[in-house]
Amino acid sequence: MSITVVVGAQWGDEGKGKITDILAEEADLVVRYQGGNNAGHTVVVGEEEFKLHLIPSGILHPDCTCMMADGTLIDPQVLAEEIQQLQERGHGCENLRVSCNAHVIMPYHRLLDELAEEARGSKSIGTTRRGIGPAYTDKTARMPRAVRFGDLADAGRLRGLIADQLAQKNVIIQELYEHSPLDPEEVFEEVWTVAQTVSKYTTDTHKIIQDAARAGKQIIFEGAQGTFLDLDYGTYPFVTSSHPVAGGACLGTGVGPTAIDEVTLVCKAYTTRVGAGILPTEAADEAAQQLRDRGAEYGTTTGRPRRCGWLDGVVLRSAALINGATSVALTKLDVLDTLPIIPVCVGYEIEGVLVDTVPAWADDLGKVRPVYEEMPGWQQALGQVRQWSELPPAARAYVEKVEALAAVPVSMISVGASRQQTIFID
Ligand code: GDP
């Protein structure tokens, strides 16, 4: 048996899609365990680029079964579109399964997300406005008769659930946000149209995952977002509504912690973040723009420019501990190719005191001053390198610095978006 969790070390967009796609070559199952279509993974196969928001990155391997497990959220409209787009490009989704327990993002969740974010004004928390927060809120509030994926197969049941939900939601929509109410029948029609095409993928995913684990199958749990967007371990309140950390994989899939064999921490060679919230190693404008241009740091889902900065060793070490990482996959090393000097944050100073962990309290985070070590750049293109021994000494030193900071070995180095642009280290 081998279960590997692939998890982002930073604020998401680390390149988890590429790493999952590579590991999926050997996998029987690839399972997403949290989040919804607020994620966006890009996978490059040959000349083709696939942008996946909901469906696990393993879908491009025909022998691999892909699942959206219990802990995920499904917008049926987005799922139907993604399935159609994959099918049009020759990738059937016969091997896709969606948990009957996964909660459904409904049109009223999207509207409430939008209205709440508008109402926050300058205090916006930067949601993707896809309805993720309101849908998870309903789930954790144990909202009676919330719609789950298993409910989409039965028109009568779905109609009744929507009517019940809107009886309550319309009060908030009208009274709090002064917006016109949603019509239950219109919402039903909108959802039912796509429900008929996606509900055939419904199943009891945790049973299949447990059976596969017992049968010794290779399983990948694919995290979305990143460690520091985790609801508990992220930089609250600028976090997501679920648990991207490796522990979230147990909650979201229905296997116990003892079943996990490996945790691959995907760490970008520098740091990015979308939207508001602390980013201690954020680079000055010109350097940030250079990283953004070379790394094409614009959101897969939203197109928003990402904030860019230097590798943060404190974040990396904390992520290795929170996730129980067994190895690091270092991505986008090639983005640093042209730099003569590369600053790496090796610690934080808070009011004159050196610390080596990410402070738990947001106020302290605001006072963090990164302590940098300057590493020499290699100033040559790494895109064609396939072996550790072919890497220039300065690039090897950079990877070794990552290992030292994480206190976990680096097992893969990514030097470009394609599958081939990967160095495996024994
Ligand atoms: P994810 O959500 O963690 O999968 O990350 P994204 O897909 O949002 O962002 C990663 C982007 O970087 C994608 O466009 C990938 O194709 C690309 N990418 C992945 N690895 C590398 C790499 O090593 N070098 C370069 N230049 N691009 C990469």
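A residue is called buried when its relative accessible area is under 20%, exposed when it is over 50%, and partly exposed in between (1.4 Å probe, protein chains only). The exercises below concern a predicted model, in which local features need pLDDT of at least 70, side-chain atom pairs count only at pLDDT 80 or more, and totals for chains, interfaces and linings use all residues. Residues are numbered from 1 along each chain as its sequence is written, and side-chain values use heavy atoms, with hydrogens and water left out.

**Exercise 1. R273**

Task: Classify R273 as buried or exposed, and list what R273 is in contact with.

Solution.
Step 1. Locate R273: its place is in strand β12, residues 271–273. Helices (H or I, at least four residues) and strands (E, at least two) are DSSP runs numbered from the N terminus.
Step 2. Apply the cut-off: R273 counts as buried because its relative accessibility is 1%.
Step 3. List the contacts, meaning heavy atoms within 4.5 Å. Leaving aside neighbours within four places in sequence, R273 is in contact with W11, L229, T235, F238, I278, L279, R306 and R307.
Step 4. Look for polar contacts. A polar contact is a pair of N or O atoms within 3.5 Å; within protein, one must be able to donate a hydrogen and the other to accept it, and residues adjacent in sequence count only if both atoms are side-chain atoms. The side chains of R273 and T235 are joined by such a contact of 2.9 Å. A polar atom of the R273 side chain also lies 3.3 Å from the backbone oxygen of A276.
Step 5. Check the separation along the chain: R273 and G12 are 261 residues apart, yet their C-alpha atoms are separated by 7.3 Å.

**Exercise 2. The ligand site**

Task: State which residues come nearest to the ligand and how much of its area the protein buries.

Solution.
Step 1. Define the shell: a residue is near a molecule if one of its heavy atoms lies within 4 Å of it. There are 19 residues around the ligand, and K16, G17, T42, D334 and S414 come nearest.
Step 2. Sort the shell by type. Ala, Val, Leu, Ile, Met, Phe, Trp, Tyr, Cys and Pro count as nonpolar, Asp, Glu, Lys and Arg as charged, and the others, Gly among them, as polar. The division is four nonpolar, eight polar and seven charged.
Step 3. Assign elements: α1 (16–24) and β3 (41–45) each supply at least two residues of this shell.
Step 4. Read the backbone distances. Polar backbone atoms lie 2.9 Å from a ligand oxygen at G15, 2.8 Å at K16 and 3.0 Å at K332.
Step 5. Taken alone, the ligand exposes 580 Å², of which the protein buries 90%. Accessible areas come from the Shrake-Rupley method with a 1.4 Å probe; for residues, only the protein chains shown count as cover.

**Exercise 3. Helix α10**

Task: Find which residues of α10 are buried and what covers them.

Solution.
Step 1. Helix α10 spans residues 313–323, and eight of its 11 residues are buried.
Step 2. The buried residues are G313, V314, V315, L316, S318, A319, A320 and N323.
Step 3. Their cover includes β1 (2–8), α8 (246–253), β11 (262–268), β14 (311–312), β16 (341–350) and α12.
Step 4. Inspect both ends. At the start of α10, a side-chain oxygen of D312 comes to within 3.0 Å of the backbone nitrogen of V314. Just after the helix, G324 has a positive phi of about 60 degrees.

**Exercise 4. Backbone geometry in loops**

Task: Describe the peptide bond from Y236 to P237, and compare the burial of Q225 with that of A296.

Solution.
Step 1. The bond from Y236 to P237 is cis, with omega near 5 degrees. P237 lies in the loop between β10 (218–222) and α8.
Step 2. Q225 lies in the loop between β10 and α8. Its phi is near 55 degrees, a positive value in a residue other than glycine.
Step 3. A296 lies in the loop between α9 and β13 (307–309). Phi of A296 is near 50 degrees, again positive in a residue other than glycine.
Step 4. Q225 counts as buried, at 10% relative accessibility, whereas A296 is exposed, at 51%.
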